[in-house]
Amino acid sequence: MSRTATTEPPKFRQTLEDANLQLAVYTATGRLMEKRREAVAADVLPEYQELRTQAHEIKKHTLDNLDYYLELFEERVKAHGGKVVYCKDGSEVADFVLRLAKERGARLIVKSKSMTTEEIDLNERLAHHQLESVETDLGEYILQLAHQRPYHIVAPALHLTRYDVANIFTEKLGVENETVIEKQTMIARGVLRQKFLQADIGISGANFLVADSGAVVIVENEGNARLTTSAPRIHIAVAGMEKMIARAQDLPVFLKLLGRSATGQPLTVYTSFLSGPRREGEVDGPEEFYVVLLDNGRTRLLADREKRQSLYCIRCGACLNHCPVYRKVGGHNYPWVYSGPIGAVITPQYMGVGKDPWLPFASSLCGACYEVCPVKINIPKLLLDLRSEVTKLKAKERAGWAERTAFRLWAWVMRHPRIYELMGSMTAAFFPEGETPGWLRSVPPFMNIGPLKKWLSQRDLPRPASKSFRQHWRSRRKGVR
Amino acid sequence: MPREKILHKVRTALGRSSGQLPATPPPVRLRIPEVPLDARIESFTCALNKLNGKTCVAHSPQEALDYAAQLCEGKRVVASNSPVLRECGITGLPNVRSNYTDAEKLREACAAADVGITSADYALGDTGSLVMIASPREARLISLLPPVHLAIVPRSRILTGLDELFTLLPNPAEQTSSMVLITGPSRTADIEQILVRGVHGPREIHVVVL
Amino acid sequence: MGPRVALFVTCIVDQLFPRVGLAMADVLERIGCEVDFPEAQTCCGQPAFNSGYRAEARDVARHFLSVFEQAEYIVVPSGSCTSMISHHYAELFRKEPEWLDRARAVGSRVVEFSTFLTEVMKVEDVGARLDAVVTYHDSCHALRELSVKSGPRRLLGRVRGLTLKEMDRAEECCGFGGTFSVKFAETSGGMVRTKVDSILRTGAEIVVSIDSSCLMQLQGALARANAPVRTMHLAEVLASR
């Protein structure tokens, strides 16, 4: 397969043929779909559609004026005794953390779940300098032990079974073959509790940055993010700049949508609204508070008015759960940490459309993602735009000649009805009559190539009608009238 | 300086200039339904019970104290500095330690405790959430480290929901460095989507509405 | 006399499933429409648009607009092709104001077949009879871009002898997706097999839809699995007596 192909990567097959994995992913996503459906049903949340529209408008407004809100946010964080650090990419983030750790003599970092730090491989970068940083979200912790990247934006270990976890714990923690999920969870709790109490620095992500408050908002169920941001002496929140919303009073809109869209919860167990280090008189909490604002390509996405909306994403994962393609191919077949429909939209924009040109094509354009997106990102439209960019790039690079020629030819034929009709009749003559009337299980070898072969690899083929509709229509007109 | 560079890139991308004010933001639409106190209490306890939280509506400080005393019997307990707890007599229970002002000591006590007792600044009727605002009265770790969390919440503090909370506190950062909403016991479903409670935070949450 | 309608039968129906177009014409005539078939029609351009070839799609779309510019109503046996014309032509001609106006004018008169019956003609009972248990597949573009959901079910509800049994995954994509079905053949095949399982669980003898392209994918997979279920376009069901 050439680098420029816009077709299925061969590695998909392995996932498609893994019956256990198929069942695990299909069941898990199906359950999440069901929970979301119940949580946004008209009888429990009549204002659901209105909330989506509001969320979209707030995100649009904030991002259209992002420079203003970045500066406002920064000013408010400063006023509360915290510090904002701008970083262009992952290496700047790692440099900042390493420098701070060195200055403060920090040895151990606890981390709560953050897709942004996954995006920049922060753990690996820190480990490279012998600074231990431990993931504390249960799923992320398991994946860190197993050296895997998240399978899903909100349920990172969605593909693993209790038996997989037992093997990982046996190998990495020396715990003999524990397959009871509750006990596995408590083992992790025990290990991680000690880490929380020993750690010098806690690194969290952020679900939202609130400009008018200078606050970082974190949403979670386990309590590990609370521990990460409360127990260590230093709290660093690493967030993409696009996480900004204008006002604290905008939060209810997003909080009502996020938990429901992700797991069907009206609110997740913990919602933390953090603005600066421990204040005068407060008994506990970090003494130092930093917010790292990451660009890493986001300014490039901002520049495109239409595609800017892909930055509205609040990482609820609903588009993954509802995507029939994600449900078949899973999270690890996507080229980057962001998988599913939103991954197919943002990855090409961050990495360049030429890197994995097949990605925007890995969709049947069914639109389920757009239907469930809590901030109304028109994902199918963005995929179509990206497809067009891919074909343009390929034309420029003089690649994909056969397909382009085929479509040019096709378009020409479609503008010439007589030729179209003639070609239709000629094609029909090529196809023999099959066993099922009108349906072919195979075609002669000389025809079993290209798209026909691909079609037949999965399903039977309709035999072209010996008389097209227009031919029927002509005789119908003559006979009836 | 990455700061200037990044802000410049953002402005260029958006076609804006330095110091330019934003367009008018979309209106804030917070809606507070009229719900009588009894119904708010009912809704709060219902929602929290559904999440496996335990609730008790106490009609006197003595009832709250009884609940706390029973829950804490034979346990190591840390209580916050909230006057509500003192007024109920909870801080006077023999096994309850309170009045921490030093972070290090509080942390050690919480890490060793079986039960943490706090008040809550507000509670949300529709979701069964507690609103914990860090202050000299309320520390963060008491509701987080011990495996059991008990909160005594004055009934007048039960709001309808998020919209009312953010109407009362249009900018929580003005009064605290940390506001946390707690909605039920700590939980995870990261392995096979099987629900397990008490993964990092408390596995039990008890709320006495006073 | 009812309205004059121009059929846009779509290239798939024209070349592969002409009986669907004939059935549609029958039903429309039965309820009093004057049916016309502009013979210069070919395709709406969607295959090129969805594959990223916008210039080619535009060429075909211009041809379509020229052919149908005079029509009062353009009725289409496909939600996907309808949506291409009524929704996506606007994107295609974003930078060509003159063509954009023409596309909008024609787009407002393009109606998907079941919607034409229920919303324009306000007809639900077309006097059809079919003794069968059927299940209905929501085609994605009809469902999500045109909000077609209850109309076809109401029409099926009025067919004598017909029982509708809903499947558990009625709204899930069949995996066709145009060129996706061959570019990502194995994924597409996996998707349709899941859909076929859902169909088989209903015990229905027939799967009905309003898009022949979905039905091509479904029938192809059903035939491959030797499943005793066949597919029918809604028009064919409504033409049965």
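In chain C, helices H5(C) and H6(C) are roughly antiparallel to each other, a term that applies to angles over 145 degrees, and helices here are DSSP runs (H or I) of at least four residues, numbered from the N terminus. H5 of chain C covers residues 79-92 and H6 of chain C residues 97-107, and the two pack at an angle of about 165° with their axes 9 Å apart; such axes are lines fitted to C-alpha atoms over the stretch in contact, and angles run from 0 to 180 degrees between N-to-C directions. Ile85(C), Ser86(C), Tyr89(C) and Ala90(C) of H5(C) make the contact with Leu100(C), Ala103(C), Arg104(C), Val106(C) and Gly107(C) of H6(C), where contact requires C-beta atoms, placed from the backbone, to lie within 7 Å.

The model is predicted, with local features needing pLDDT of at least 70 and side-chain atom pairs counting only at pLDDT 80 or more, whereas totals for chains, interfaces and linings use all residues. Residues are numbered from 1 along each chain as its sequence is written, while chains are lettered from A and ligands numbered from 1 in the order in which they are written.

Between chains, 51 residues of chain C are in contact with 51 residues of chain A. On the side of chain C that touches chain A, the largest share, 8 residues, comes from H11(C); helices that each supply at least two residues to this side include H2 (18-30), H4 (54-68) and H12 (212-224) of chain C.

Within chain A, an automatic or database domain assignment gives domain 1 (1-39 + 319-400), domain 2 (45-142 + 198-299) and domain 3 (416-480). The centres of domain 1 and domain 3 of chain A, taken over C-alpha atoms, are separated by 32 Å.

Definitions and conventions:
Angles under 35 degrees count as roughly parallel, over 145 as roughly antiparallel, 65 to 115 as roughly perpendicular and the rest as oblique. Two residues are in contact if their C-beta atoms, placed from the backbone, lie within 7 Å.
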